[in-house]
Protein chains: 2
Amino acid sequence: MSLEKFFQPKSVAVVGASRGKGKVGYEIVANMVAAGYEGKLYPVNPKADEICGVKCHGSLKAIGETPDLVVIVVPAKVVPAVMQECADLRVEAVVVITAGFKETGSQGKELEQTITQIARRNGIRMVGPNCLGLMSPKSKLNASFAAVSPLPGNVGYLSQSGALVTAILDVARAGNLGFSKMISIGNKADLDELDLIKAMGDDDDTKVIAGYLENIAHGDEFVREAEAISRHKPILLMKSGGTGAGAAAASSHTGSLAGSEVAYECVFERAGIIRCESIEAQFDYMQAFVSQPLPQGPNVVVVTNAGGPGIMAADAIEHAGLTFAKLADETIEKLAGVMPSAANIHNPIDVLGDAQADRYEFAIGAAAADPSVHAIIVLLTPQAMTQARPTAEAIVRTAGKCAHKPVLACFMGQAQVAEGVAVLRAAQIPQYNSPERAVDALVKMVKYAHWRSRPKRIVKLFPVNRRKVERIIDRHLRRQEREIGEVEAKEILEAYGFATPKGEIATSAEQAAGIAEQLRYPVVMKIWSPDILHKSDVGGVKVGLGSAQEVMDAFDLMMYRIPKKRPDASIIGVLVQEMCRKGQEVILGMHRDPHFGPMVMFGMGGILVEVLKDVTFYLAPLTAEESREMLVRTRTYQMLKGVRGQEGVDIDAIADGLQRISQLVTEFPQIVEMDINPFVVGRQGTTPIAVDARISVEEAK
Amino acid sequence: MSLEKFFQPKSVAVVGASRGKGKVGYEIVANMVAAGYEGKLYPVNPKADEICGVKCHGSLKAIGETPDLVVIVVPAKVVPAVMQECADLRVEAVVVITAGFKETGSQGKELEQTITQIARRNGIRMVGPNCLGLMSPKSKLNASFAAVSPLPGNVGYLSQSGALVTAILDVARAGNLGFSKMISIGNKADLDELDLIKAMGDDDDTKVIAGYLENIAHGDEFVREAEAISRHKPILLMKSGGTGAGAAAASSHTGSLAGSEVAYECVFERAGIIRCESIEAQFDYMQAFVSQPLPQGPNVVVVTNAGGPGIMAADAIEHAGLTFAKLADETIEKLAGVMPSAANIHNPIDVLGDAQADRYEFAIGAAAADPSVHAIIVLLTPQAMTQARPTAEAIVRTAGKCAHKPVLACFMGQAQVAEGVAVLRAAQIPQYNSPERAVDALVKMVKYAHWRSRPKRIVKLFPVNRRKVERIIDRHLRRQEREIGEVEAKEILEAYGFATPKGEIATSAEQAAGIAEQLRYPVVMKIWSPDILHKSDVGGVKVGLGSAQEVMDAFDLMMYRIPKKRPDASIIGVLVQEMCRKGQEVILGMHRDPHFGPMVMFGMGGILVEVLKDVTFYLAPLTAEESREMLVRTRTYQMLKGVRGQEGVDIDAIADGLQRISQLVTEFPQIVEMDINPFVVGRQGTTPIAVDARISVEEAK
């Protein structure tokens with residue numbers, strides 16, 4: 001969808017324009033005039049002749065033409081009538097600035113539904129309500145009541161908080177950061193973050209998309225579209241509201257570990273979105289991404305006129321997982337020929353406290369020419385001989401010559417470095433107040449470059465028995481049973497190529513012994529009840545039973561003890577199962593996020609998953625690389641690889657299992673949660689066993 | 001020691017004063033004059049009559065009196081002669097600005113030793129060499145060549161990097177943060193960080209001590225003194241050089257886990273020092289600590305005129321481990337009576353976008369009066385109706401009324417909030433650019449307040465058999481054996497009250513069986529060689545041997561296989577040992593840091609310690625509380641408390657073991673490293689067993 005009528009309108013009407021300075025209806029007209037808007041501007045106010053020198057109209061209809069864009073600032077209860085007028089005139093683009101809708105309670109919510117319906121029924125696209133407005137400096141458009149206007153530039157910004165826009169505009173202007181579009185999306189009753197991100201993705205003036213969001217609608221579409229856009233344009237988002245709430249009521253391990261915050265992390269990861277933890281961090285990243293080339297690797301060189309900050313930068317680089325570049329011999333020779341003998345000509349290149357601009361320029365040039373260097377950070381402290389301004393000019397010159405290496409500056413100080421900082425800002429060299437922040441921005445660039453260069457995602461399709469699963473799920477849904485118990489859950493897993501231990505349910509001690517005799521000793525016994533989820537908590541699991549007598553004893557003990565502990569539980573019997581050979585216990589699972597769909601989980605098994613919460617989530621469908629990545633990202637990955645003489649386990653077999661789960665939950669949207677716990681995996685080449693499993697289903701929406 | 005002659009000198013001589021503007025020898029005199037120094041100032045330069053209008057002297061002696069403070073800026077090779085002159089005149093305080101000493105290599109190092117010797121032999125205290133100088137605004141003293149002079153205030157600052165001082169001065173001036181003392185300690189050949197921190201600890205003008213360090217001399221004294229000072233004055237330190245290096249060559253687990261970074265963390269923790277990760281963070285903390293009262297608890301209230309930033313602050317508060325305050329009912333009623341109906345009168349208190357100063361003032365006042373609130377963060381975004389300056393004034397008024405609650409402001413933006421920020425700065429209300437940074441500063445205050453209120457440290461002394469340990473250690477040192485093997489290490493542990501499993505070393509299969517028969521089956525067997533540290537890596541550990549035959553088989557197999565794997569190892573025999581009852585395996589250890597002394601370690605045992613590195617270190621001597629804290633701080637602490645039906649272990653017994661190690665290594669400085677691995681601990685009331693142990697000794701220095 002093109003948002004041309006919003007961002008390059010040939011005519012704009014402001015309904016609710018006012019003569020009262022300080023009033024929103026006045027500020028919008030004033031901002032339009034101050035921005036030098038070159039199209040036709042129609043303030044609408046039946047009681048005024050002109051506002052800010054622009055002729056007023058009594059009503060939308062009185063204008064005599066249909067404006068490309070209508071900005072509405074009338075009181076909330078009048079908005080529906082104005083929307084209807086827009087509909088009558090076949091207006092296509094409306095911004096509703098007015099507040100007093102969904103955010104105020106049920107009455108406002110109804111009012112919002114009313115105007116949204118008018119929009120939908122009449123082909124009107126609407127921004128807001130309850131927003132600050134929108135700006136497009138290149139079109140000389142400022143249809144907002146913000147006190148600061150944006151500079152033209154190449155960042156497209158969208159925000160769910162209008163107040164935040166006011167702060168960002170103010171900071172960005174001071175930092176000479178310009179915007180292609182700036183839009184406050186308010187209650188996003190019609191146009192939402194996805195529409196705008198897509199429009200900015202298609203917009204040639206927008207090189208970087210940034211924004212602030214509190215939630216995301218249309219989760220799976222958002223993931224798909226954002227991922228496609230990230231392939232060619234970075235998306236830098238703040239997302240607040242990360243704590244609290246969550247899936248407290250979830251019944252599975254996977255569910256209880258998968259809060260909404262985890263879902264957002266998965267989405268950002270998949271879609272290549274760079275998350276910003278604060279407005280300062282976002283400004284830091286916008287600066288770097290909009291002006292600098294992406295680094296082609298992680299090797300960073302630091303040029304500094306002071307030892308202390310150089311060490312601090314080195315610390316930050318190492319902590320962040322970047323590499324402190326090792327300079328080539330030729331570079332070191334080159335530096336040795338020119339630098340004073342006391343200078344450090346290795347990384348960090350210390351040009352010394354008395355360095356003037358020329359020495360900086362030589363050092364930066366040498367570093368830039370070194371093929372082993374991927375990015376350059378220039379530190380400056382204001383010492384007696386320091387030339388902040390000429391040094392900044394030298395940085396600008398050198399940066400202009402390195403097409404594939406980002407250059408980031410860190411002039412530390414305030415008044416003493418102000419002139420230099422101004423030069424850097426004017427030339428769009430990112431400037432940071434501390435080395436740590438420069439490094440942080442660089443890390444984000446390196447990670448994004450890495451994300452962008454990953455191979456095409458190919459999701460493997462396994463041959464499976466879909467019909468069988470369909471039958472089991474349908475039967476449960478017909479009976480309104482949400483939980484699929486162990487035996488049928490395992491049938492589902494078998495249909496998707498998992499191996500499970502053999503076993504049957506016994507309802508008497510003798511039957512249990514009979515089943516055990518058919519299997520191979522030792523056997524495992526597990527209480528069988530739809531009401532008992534954590535079997536071991538009630539003594540409902542016995543392992544290593546080696547004879548018929550032990551099996552019968554275990555059966556009778558469970559039947560005697562468990563009903564006392566859980567009188568509420570209906571007990572069907574006891575599952576008698578062959579015992580797995582030894583191996584590493586892990587847990588595989590899935591939780592379906594209400595917004596973003598299935599997230600597959602991997603975790604180290606047994607007690608570790610509960611104590612350490614050492615788990616990783618990825619959005620389904622999974623590729624082979626992603627499923628392996630899920631293992632690598634756990635803190636205890638080394639245990640899978642083998643530690644201290646212990647043999648490692650079959651890592652590909654786990655990755656295979658994760659992909660099978662991914663396929664299962666993608667093909668069956670009715671599955672909302674599942675756990676395979678434990679999934680016992682042995683050494684390379686052996687088949688892992690899904691020892692216990694639980695699947696929850698719901699009617700798919 | 002008083003540093004009065006440095007900070008309140010009645011007369012100052014500058015040797016090497018120069019007429020050349022831009023030269024260090026000129027800038028110092030100029031700074032002294034500009035600062036309005038009221039004592040006697042003596043530039044010394046045989047070739048000049050006056051500098052900056054001050055009469056020059058041909059030499060120190062030519063002055064005719066002994067100056068309280070001599071600042072030396074002559075070339076490095078001339079410094080010894082000037083120092084000798086100072087000695088002859090009985091000067092007591094010298095600052096050597098001149099560079100070209102230790103930092104330039106061996107020749108410079110010798111020169112530095114020469115001048116240090118002159119100082120030491122003649123009772124001269126010396127700052128530097130290779131430094132920026134020192135400042136004391138209250139004494140109108142600026143004996144430095146810094147381009148910016150500090151404002152008077154109550155932060156005492158010391159820095160191992162002169163360049164960093166220049167940046168900090170510049171930033172602090174812009175932020176209206178003043179200093180009591182500011183000192184660049186350079187190569188700290190004589191006066192070092194400890195001397196200065198002690199002097200600032202005693203200085204009534206210094207409310208907060210801050211600094212930048214690259215290393216710390218006199219480690220244990222530093223810990224002791226800093227801890228005493230932190231009890232009444234916060235110490236805010238940046239410490240760089242944290243990465244790289246480390247104890248790669250260490251032979252024990254504990255040693256390999258204890259890098260120098262771990263030691264610094266231990267020191268900061270023990271001494272209550274607040275660590276600053278960047279100069280921005282340090283500035284943030286200095287602002288808060290110097291002007292605001294310490295919070296009396298973790299409950300934070302946020303007052304905001306915008307929803308988005310309010311959520312971001314709430315996220316940050318929750319992430320940081322602070323508490324989002326629940327307002328008292330009376331507070332909510334009070335707010336409900338005055339705030340507009342759309343305002344959120346719970347925390348965060350959203351005064352709405354159209355809030356002017358009066359509404360802010362009422363809300364802040366209500367929050368301040370609420371006894372459940374411990375700290376207040378005020379957020380402001382520059383919206384149309386916002387009054388940055390009057391709101392700042394309102395904050396200043398309210399903050400003045402809450403004696404025990406810190407108030408932190410976060411005015412987001414730049415030009416639009418500048419007037420408000422200026423009011424806040426002038427009134428010493430800390431101001432932050434983002435809510436996250438305000439929260440970060442507050443966290444440091446809450447933690448420090450908590451540290452300060454901890455009970456007096458009482459170290460328990462256990463009755464032990466010191467003599468026995470002395471004999472074993474002496475014997476090893478006499479024979480120049482660094483490693484004390486398992487059997488004798490256990491004797492040492494027994495002497496300090498640890499229980500160890502029974503066992504003996506066998507040199508033949510028959511002897512092994514004989515020993516086993518004396519113990520109770522099953523038994524454990526371990527290869528016994530001074531050259532094999534990781535026994536299980538070579539198949540040198542067998543557990544669960546249940547009969548004489550199994551014991552003999554195991555003996556012969558080890559004797560056959562291990563010499564093939566490790567032909568270099570001299571094998572003494574095989575240890576036959578009773579098998580421990582089941583329990584949780586943990587690891588207790590100690591590593592003696594070369595600077596800071598013994599650090600006791602606790603970690604989860606077995607493979608976990610290697611994979612997760614889930615360990616904690618604390619400086620010995622340990623209190624009971626600290627040893628329990630060591631357990632609580634591990635990520636897997638829950639495993640000790642008992643998980644999922646499993647009974648917990650005797651936590652006090654582990655804490656007891658840690659305190660016994662603490663006593664052992666404090667009483668025997670020859671012990672440089674030790675591990676008890678595993679230390680098997682059972683349920684409450686049982687005695688844990690030190691199953692395997694290793695102790696390394698060295699001649700104590």
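Which residues does Ala495(B) touch, not counting residues up to four places away in sequence? In this predicted model, they are Val464(B), Asn465(B), Lys468(B) and Val469(B). Contact here means heavy atoms within 4.5 Å. Ala495(B) is found in helix α18 of chain B, residues 486-495. Helices are DSSP runs (H or I, at least four residues), numbered from the N terminus. Ala495(B) counts as buried because its relative accessibility is 9%, the cut-off being under 20% relative accessible area with a 1.4 Å probe and protein chains only. The C-alpha atoms of Ala495(B) and Ala415(B) are separated by 71 Å.

Chain B can be laid on chain A by a turn of 180 degrees and a shift of 0.1 Å along the axis, with an RMSD of 0.1 Å. The two copies are thus related as by a two-fold rotation axis. The superposition is by least squares on C-alpha atoms of residues with pLDDT of at least 70 in both copies.

Between the chains, 66 residues of chain B are in contact with 64 residues of chain A. Two salt bridges are counted between chain B and chain A. A salt bridge is a side-chain nitrogen of Lys or Arg within 4 Å of a carboxyl oxygen of Asp or Glu. Arg437(B) forms one with Glu280(A), the closest N and O atoms being 2.6 Å apart.

Residues are numbered from 1 along each chain as its sequence is written, and chains are lettered from A in the order in which they are written. Local features need pLDDT of at least 70, side-chain atom pairs count only at pLDDT 80 or more, totals for chains, interfaces and linings use all residues, and side-chain values use heavy atoms, without hydrogens and water.

Methods. Helix = DSSP H or I, 4+ residues; strand = E, 2+ residues; numbered from the N terminus. Buried < 20%, exposed > 50% of the residue type's maximum accessible area, 1.4 Å probe, protein only.
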